[in-house]
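Notebook open, structure on screen.

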Amino acid sequence: MTIEKQKKWSSAGALITLGIVYGDIGTSPLYTMNSILNSARSTQHLNDFVIGSVSLVFWTLMLITTIKYVLVALRADNHGEGGIFALYSRVKSANKKWLLIPALIGGSALLADGTLTPAITVTTAIEGLKNQKIGPILFPNNQPLVIIVVSVLLLIIFTFQKVGTKKIGNIFGPIMLVWFVFIGFFGFINIFNDMSILKALSPTYAIAVLVSPENKTGIFILGSVFLATTGAEALYSDMGHVGKQNIYISWPFVYSMLILNYMGQGAWIMSHTQQSNLLKQISNPFFEILPSSWRLFGVILATLAAIIASQALISGAYTLVSEAIHLKVIPRLHTFYPSEARGQMYIGTVNWILCIIGLLIVWSFQTSHNMEAAYGLSITITMLMTTVLLYQFIKQNQQKLLAIAFAVVFGAIEIVFLIASLGKFIHGGYATLIIMVVILSVMMIWYYGNKRREKISKQNDYLSLRDYRKQLINLSNDKEEPVFATNLVYIANIHQNYKLKRSIIYSLFGSKPKKSEIYWFVTVREAVNPYEKSYSIDMLGTKNIVHVIFNIGFKVEPQIHLYLKQISNNLVKQGIINPQFPRYTIEKHGNIGDFKYVMVNQNYEDLLNLPDVHPWDRFIIGGRLWLQTHTVKPSSFYGLDFSDVLEETVPLFISRGNGSRIKLTQIEIKNIVKPEEKS
């Protein structure tokens with residue numbers, strides 16, 4: 001469901017953008033006005049309430065989606081990629097380490113709130129079938145039946161994720177084009193029911209409704225209004241799939257269709273205020289504005305749009321988690337690529353966690369009305385964190401005053417929305433916050449557990465590879481030692497001054513020396529360009545020790561074995577290393593022998609034997625290592641599934657051997673019998 005990044009807009013690109021980028025925000029008319037009506041006190045002065053509410057929607061989409069995201073955030077791309085982690089990669093620096101915190105909070109909140117999207121969109125669409133006749137069959141007004149249908153649809157959506165969505169994704173754009181034209185057209189013709197709805201274009205009505213006595217929830221109505229713009233963050237995240245130019249050209253059309261529909265719903269409500277029990281009778285104004293002959297088609301189209309919105313959310317979750325993995329803030333997870341299309345991926349763990357949570361939400365909340373009450377709380381946190389990072393981005397571009405103005409204006413707006421959304425906590429918002437805290441805890445433990453381990457062991461757990469260079473040369477040339485591998489590879493992540501973990505040296509020399517013709521030490525670093533694949537070589541002044549530094553973007557799946565084969569052949573051609581001439585090989589003129597990879601695992605149980613480690617450090621380091629042993633192995637993550645890999649377990653902290661000595665208290669030598677005396 002992706003296309004290559006396009007630097008210039010095209011009609012085809014803009015069409016596909018409709019299917020990829022706008023699924024979430026495009027289906028918001030299904031439930032936003034329905035949620036807003038819960039704040040209406042009565043039908044007595046409902047007209048002013050409706051005009052003010054639609055005005056709030058109009059200006060929320062204008063300020064947050066249009067100005068903040070389309071006009072500002074899209075400029076903050078990382079080589080064409082968008083989203084909170086791409087933004088963090090753009091603004092992070094050595095003296096701004098604190099920026100990781102808003103990135104982690106925003107990413108976890110985005111994932112958490114996104115678990116509601118498939119549930120609420122599909123449920124709202126299927127609820128439109130109530131009392132609808134499908135051929136000879138009348139769909140009953142039965143919510144348990146709706147839950148069953150929604151559950152089946154969600155299971156189908158998540159089951160087919162592994163197949164990939166490239167082919168079906170090509171029709172998402174045309175379907176969403178029909179959807180937007182459909183909602184815009186019926187919104188437009190309903191505006192004529194009460195033309196006074198056009199007053200909603202004035203911001204004065206938006207401000208007035210916040211303090212109106214007809215608004216029984218006061219400022220907390222913004223929690224419902226915010227539902228209209230929850231897809232803005234997804235719009236920014238999906239920029240890398242379609243290119244910012246295609247978003248620029250398509251957003252005015254989408255914005256216009258959305259506003260026409262909201263105004264049409266508002267005008268329809270205003271034209272029926274004579275019904276005293278309107279607020280109780282109305283099921284969903286989105287479906288009410290449709291003529292009866294178009295209702296079934298509207299439900300079918302809404303269901304397709306809901307499925308596309310769910311698909312966009314699921315694909316976005318894969319992308320977000322993949323970026324987090326390569327930023328080393330989430331444990332490694334197995335990623336499957338169903339097609340050659342850039343961005344096409346499938347992460348089974350993420351897929352089924354989303355599926356289970358979605359089903360639990362459907363079964364727990366039962367109706368879309370209850371889901372609306374919980375939706376949107378966590379996403380306000382994400383938007384606030386994005387504002388923090390965008391402030392840093394604008395500031396880095398030598399526009400400090402503009403950065404301050406941006407932070408003050410949008411920070412204030414989003415804080416108000418966050419306060420308003422807190423009213424959703426007791427109505428179900430706690431569910432997404434719990435999910436957010438769990439995800440954030442995993443991120444914190446994974447990232448800071450490693451940092452704390454490195455800090456604690458910094459003084460005695462790192463050695464310089466240069467100090468062991470002579471030993472490695474001698475070992476490689478020692479004819480008495482058996483050959484362990486022709487090419488021995490360690491994913492070592494060598495630091496400044498050739499510092500590497502003591503466990504690597506322990507593996508090489510600790511028990512039985514590992515003789516090899518060439519020793520490869522691989523360091524993998526995150527590149528600035530998300531799609532970069534480059535490397536540099538350091539031979540350490542030898543012919544048999546190679547330090548390879550890979551610069552790999554967070555959008556690239558590492559394939560270390562393939563890279564090393566290419567590099568080794570290049571080094572042979574350049575005469576930097578000697579050809580190895582294997583006797584038996586698949587390649588007709590092979591110049592490189594076998595590769596053996598050693599993965600050094602550390603024994604986290606050793607933590608129990610370290611009395612001077614703080615309990616908090618013991619917990620977070622142990623948690624990190626527990627996650628490491630229960631997620632994807634490093635060999636799989638680095639593309640070594642079909643390679644010769646040896647996994648070794650070494651102590652977590654290896655002592656230098658300079659601790660306290662044992663004290664001799666007594667030695668006793670009695671009569672020693674000589675051999676000749678014994679005979």
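I call a residue buried under 20% relative accessible area, exposed over 50% and partly exposed in between, with a 1.4 Å probe and protein chains only. This is a predicted model, where local features need pLDDT of at least 70 and side-chain atom pairs count only at pLDDT 80 or more, while totals for chains, interfaces and linings use all residues. Residues are numbered from 1 along each chain as its sequence is written, and side-chain values use heavy atoms, with hydrogens and water left out.

Is Phe192 buried or exposed? I have Phe192 down as exposed because its relative accessibility is 51%. I find Phe192 in the loop between α10 (172–191) and α11 (203–210). Helices here are DSSP runs of H or I with at least four residues, strands are E runs of at least two, and both are numbered from the N terminus.

**Entry: whole chain**

I count 29 helices and 10 strands in the chain. Of its 679 residues, 56% are buried.

**Entry: α19**

I looked up α19, residues 348–365, which has 18 residues and spans 26 Å from first C-alpha to last, close to the 26 Å expected. That expected span is 1.5 Å times one less than the number of residues. Its buried residues include Leu354, Cys355, Ile361 and Phe365. Just after α19, I note that Gln366 has a positive phi of about 70°.

**Entry: rings**

My search of the whole structure gives 27 aromatic pairs. Tyr69 and Tyr236 have ring centres 6.3 Å apart and planes at 55°, so I log the pair as tilted. Rings of Phe, Tyr and Trp (its six-membered ring) pair with centres within 6.5 Å; planes under 30 degrees apart are stacked, over 60 edge-to-face, the rest tilted. Tyr69 sits in α4 (46–72) and Tyr236 in α13 (232–237), 167 residues apart. Both tyrosines, Tyr69 and Tyr236, are buried.
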